[in-house]
Amino acid sequence: MLPTPDTSHVPYSRVYEPAEDSFLMIDTLALEEETSFLQSRFAGAPPLVVEIGSGSGVVLAFVAAQGKHLFGTGHPLALAVDVNEFACLATGETVRRAIKETTEAQPRVDKTPSTFLGALRADLVSALRPGQVDVLLFNPPYVPTPTLPENESTTSDNFARDSHLLELAYAGGHDGMETTDRLLEALPATLSSRGCAYILLCAQNRPEAVKERIRGWPSDDARPWHAETVGSSGKQAGWEKLQIVRIWRE
């Protein structure tokens with residue numbers, strides 16, 4: 001079993017703590033079916049992997065530390081994006097620790113399993129150049145809530161500010177999909193020609209309808225869009241049941 005990155009340094013009063021959704025993303029990426037898919041897609045050409053809403057950085061750190069295992073090629077590039085400045089700092093430290101742990105545990109392997117490009121404080125893909133992302137990872141704020149919080153907090157109260165930062169990590173608005181819908185709208189222009197995305201949804205996000213909508217996206221090169229569930233928590237009832245949807249073109 002591949003090790004889960006250390007997040008003991010993360011300030012959980014300000015940054016989303018890794019939970020079932022984070023670990024489902026990690027477990028899904030490590031499945032034999034997914035490593036085979038990724039290796040066939042990126043053989044000989046290291047991908048740019050971007051996690052949107054990286055939080056603690058546990059998912060991106062896993063990908064960065066296990067880049068050779070996942071992609072079958074050395075030196076994938078890893079980049080994080082989050083609106084929470086504390087999450088950006090936490091992600092950087094989590095990724096650096098994971099890469100160091102991997103290289104120290106396996107001294108005979110390549111000393112640089114991945115190149116960490118840093119963590120950007122930005123809203124979704126607004127800071128990224130179009131058509132550059134090979135693998136996009138997104139564990140969104142998926143919980144249905146009456147409203148969405150603003151990206152910026154206007155309060156000077158520390159407790160209220162920290163509560164606002166945590167709310168950004170889970171509050172998804174109507175059907176829990178308002179933030180995810182914005183990401184999906186930008187996804188075709190964000191991914192490279194060989195790009196794919198892994199996005200987490202819960203049952204109340206109406207994942208079957210989401211997948212059907214993606215499959216109907218227009219394509220400028222006649223390659224149809226695909227959306228399939230490749231990982232699932234599979235044990236919980238109701239809206240809390242989680243799944244990972246892979247989005248790609250042939």
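Predicted model: local features only at pLDDT ≥ 70, side-chain atom pairs only at ≥ 80, totals over all residues.
**View 1. The largest pocket and its lining.**
The space in the largest pocket comes to about 600 Å³. It is lined by 40 residues, and those closest to the pocket centre are Gly53, Pro140, Pro141, Leu168 and Ala169. By residue type, the lining of the largest pocket divides into 23 nonpolar, 10 polar and seven charged residues.

**View 2. Helix α8 and its buried residues.**
Helix α8 covers residues 207-215, and Pro207, Val210, Lys211 and Ile214 in this helix are buried. Seen down the axis of α8, these buried residues fall within an arc of 95°, so they line one face of the helix. What do the buried residues of α8 pack against? Their partners are α7, β5 (191-202), β6 (225-232) and β7 (242-249).

**View 3. Thr94 in helix α5.**
Thr94 belongs to helix α5, which is made up of residues 85-105. Is Thr94 buried or exposed? Its relative accessible area is 0%, so Thr94 is buried. Leaving aside residues up to four places away in sequence, Thr94 touches Pro5, Asp6, Thr7, His9 and Val10, and also Ser56, Gly57, Val58 and Ala61.

Technical notes. Residues numbered from 1 in each chain as written. Heavy atoms only, no water. 1 Å grid on protein atoms, 1.4 Å probe; cavity = no way out; pocket = protein on both sides within 12 Å on 5 of 7 lines; lining within 4 Å. Points joined across faces, edges and corners; volume = space filled by probe spheres on them. Nonpolar A, V, L, I, M, F, W, Y, C, P; charged D, E, K, R; others polar. Buried < 20%, exposed > 50% of the residue type's maximum accessible area, 1.4 Å probe, protein only. Helix = DSSP H or I, 4+ residues; strand = E, 2+ residues; numbered from the N terminus. Arc of directions from axis to C-beta. Contact = heavy atoms within 4.5 Å.
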